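Welcome, and please open your viewer. We will go from stop to stop, selecting a few residues each time and looking at what is there.

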Amino acid sequence: MQQFTVTGMSCASCSARVERAVSEVKGVTSCSVNLLTNSMGVDGTASPQEIIKAVCDAGYGASLKTGSKGTADSEKNTDEKSNTKALKLRLGISILFLIPLMYLSMGHTMWGWYVPPFLADNHIAMGITELLLTAAIMVINQRFFISGFKGLIKAAPNMDTLVSLGSGAAFVYSTYALFAMTDAQLKGDMSGVMAYMHEMYFESAAMILTLITLGKMLEAYSKGRTTDALKGLMRLAPKTAVVVRDNIEQTVPVEQVKKGDIFVVRPGESIPVDGVVLEGETAVNESALTGESIPVDKHSGDTVSAATLNQSGFIRCKATKVGEDTTLSQIIKMVSDASATKAPIAKIADRVSGVFVPIVIAVAVIATVVWLICGQSLGFALARGISVLVISCPCALGLATPVAIMVGGGVGARSGILFKTAQSLEESGKVKIVALDKTGTITSGKPRVTDIITAQGVSRQELLYAACSVEQKSEHPLARAIVSKARELNIESGEISNFKALTGSGVVGTLDGQEITGGNMKLISNKADIYAEMRDAADRLSQDGKTPLFFSRGGVLLGIIAVADVIKEDSYDAVEQLRKMGLRVVMLTGDNERTAQAIGRQAGIDEVAAGVLPDGKESVIKRLREQGRVAMVGDGINDAPALTRADTGIAIGAGTDVAIDAADVVLMKSRLSDVPAAIRLSRATLKKIHENLFWAFIYNVIGIPLAAGALIPVFGWQLTPMFGAAAMSLSSVCVVMNALRLNFVKLHGSDKNEKAVCKIKEETKNMEKTMKIEGMMCPHCEASVKAAIEGVEGVASAVVSHKSGTAAVTLKADVSDEALKKAVEERGYKVVS
């Protein structure tokens, strides 16, 4: 795919025209223009020169993206900052001229505010002052006129065409009224002077330009960080590598590493390129690529990837993929390609502008000609045509979408939900499928102790004392979870000697003269006898997605400590809300099938995709998009391609910078429950946009015939340009007021849902049981107990708390205490009462 930077686009009509022009070039098989990033991706055999020529012939500029991505991104970022600064300057100067203009035209004329006598007593001087102030604003915002009339000349009108026609029509007619008023004063016709004085609408021309400039500036701010994701990915790539050449270790730039080279990596160093381990054993932190927090053990023959971190051992590897072929480079390429091919959301107002503008112009011309044919004066006929242009001014049409977007974005910001662009706010409410990354999104991303099962005759404190003592010298995340749990319970650790970490198995050391061993079942079975009950407990824990760690002392089994990446407290409720909203929920994870299915059951997920790597996640999203619009929720670097490929990418605020930069929506509070809230807000905003556009169009449907004088012969109703401008302003006020109603949208839950819950509680108030349960230590345990209880026939719902050690069970039929107790104790917990 060839990628180009396109300049001069202002709306979806522009991007559509560029897309059509390039698609007609011989040899082009597909073309996608991204208005948000001002980029274009082209597939086919056409040369860059032919493609650039097609874009230039369409009235825009284009250049091929060449050189390093870092340089290109830096230049683009500088251009965006420069553009935003220019818009801000234009807006500020426009407001400086607009304030005195509004004071003179509205404040003095309508409300009698004070002005100097030389203006108050001289209507011509007042008119000339308004003309000069308006002309200054028009010169400042001349880009609207250049772009608008260029599009009109090329038969491709856009939103700038609407703005320039509306503002230009008001200015031209006001200038005519000023000259007519001057002529009337020279003739001594004071009634004519007063009549024409009220037919000057310079403030309308100036206000239109200023408001649209404000919208353009807000849009520019939202585009400011669209390419930061790529820069973040590139920063991960190691700069140097230690290669072995002629049996001598040499440090060389990573660009000089060739396929087949032998390189070495010491503990704490990043792996420079993709390769296969020849010698050594280690644990590698692959969170940069997979998002999984637990390091992966590597032995001879295993593969390693660039940008992952070697944590413990010395390894000697052979390079298999270098340069643009490494996993990291492929992720960078996927993010770049996804950005280039992601279709922009065409604004409804932009889609209709190509039809609306010609119709308005035609109606204005026809109205003028018809009244001339009917014998009316040129002034009367011209007033009818100008009235059509003034009343059909695109202010309401142009405000319909951005005002709702601004209000909706503000409501989201107050709730910790940040929509990066107007497109993301529109797109979020249209999704049909929500794909959730597991680690850090559904789960906390940090392993925690979930279960402590002691052997016969061993206390919990005794087991934790031995486990904490031997694990405190290990750097493994599972070990840190055990040490953290022991400290939480104020259990001190003993002094360990002869400590040794057994890669892929566990740890061993000497405490008080006895050997302490901790690790998997295979390791401990060689040290102590593991009886059937403990083996069954370990199998049950594994089925729940937990990692059972066995501990022995002096050849005697002490017990099992289970560690898992537990689900967040709000994950189950968030998934339940999404499902109630009619959305299909899919979980993507690099974990094995067993662990993934366990987490999926606890969170109430509809579909689980396990063993998925970064490129696999992006492929899954592409497959899901064939079934409907997709929102991807993630927090890791590995999620960046999928976040970008999805229709809407949603990043957890506590996640990596790259994930946040690649996403369209950022949840600053890192709560999964904010995902359904974001979708609710988007849907409410979309509803307001549709309402605003409906009223904006209805206003034109009614106002244009009235302005053209179609009702004069029937009712004698005549709409002057002054009333047309007032009607235009009123339509804008209505659009803004309707959008402000978004401030009352309830994001978390709904009244209907609350009423339904209350109704269920009322109907089942005499069918509730409360269970006292021991052994629950975290939200993961809560989810497990909740799933067990709700799996019993006759149970409507269960509210479980590990903090209070209770489960409030709501029944829809008679259920015995024994059935409930059995369901809970089969999961390894004890029912006290």
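How many bridges join β8 to strand β11 (residues 303-304)? Two bridges join them, and the strands run antiparallel. Strands here are DSSP runs of E with at least two residues, helices are runs of H or I with at least four, and both are numbered from the N terminus. Two strands pair if DSSP finds at least two bridges between them.

Before you select more, note that this is a predicted model, in which local features need pLDDT of at least 70 and side-chain atom pairs count only at pLDDT 80 or more, while totals for chains, interfaces and linings use all residues. Residues are numbered from 1 along each chain as its sequence is written, and side-chain values use heavy atoms, leaving out hydrogens and water.

**Stop 1: the sheet**

Now select residues 274-279, which make up strand β8, and residues 315-321, which make up strand β13. Five bridges join these two antiparallel strands. Click on Glu279 and you can look for its bridge partner in β13, Arg316. Arg316 is also the bridge partner of Val264. Strand β7 (residues 262-265) pairs with β13 in the antiparallel sense over four bridges.

Zoom out to see the open sheet of six strands, in the order β6-β5-β7-β13-β8-β11, with antiparallel pairing. β6 (248-253) and β11 are at the edges with a single partner strand each, so one side of each has no neighbour in the sheet.

**Stop 2**

Most residues other than glycine have a negative phi. Select Asp246, in the loop between β5 (240-245) and β6: its phi is positive, near 60 degrees. Asn247 is found in the loop between β5 and β6 too, and it has a positive phi of about 60 degrees. Are these residues buried or exposed? Buried means under 20% relative accessible area, exposed over 50%, and partly exposed in between, using a 1.4 Å probe and protein chains only. Asp246 is exposed at 71%, and Asn247 is exposed at 76%.

**Stop 3: two helix pairs**

Select helix α18 (residues 460-471) and helix α19 (residues 477-488), which pack at an angle of about 130 degrees with their axes 9 Å apart. That makes α18 oblique to α19. Axes are lines fitted to C-alpha atoms over the stretch in contact, and angles run from 0 to 180 degrees between N-to-C directions. Angles under 35 degrees count as roughly parallel, over 145 as roughly antiparallel, 65 to 115 as roughly perpendicular, and the rest as oblique. Show Ala467, Cys468 and Glu471 in α18, which meet Ala479, Ile482, Val483 and Ala486 in α19; contact means heavy atoms within 4.5 Å. Cys468 is buried, at 2% relative accessibility.

Next, select helix α21 (residues 532-543) and helix α23 (residues 593-603), which pack at about 70 degrees with their axes 8 Å apart. α21 and α23 are therefore roughly perpendicular to each other. Their contact is made by Asp539, Ser542 and Gln543 of α21 and Arg594, Ala598 and Arg601 of α23.

**Stop 4: one buried aspartate**

Finish at Asp674 in helix α27 (residues 674-708). Asp674 is buried, with a relative accessible area of 0%. Not counting residues up to four places away in sequence, Asp674 touches Ser415, Ile417, Leu667, Lys669 and His748.
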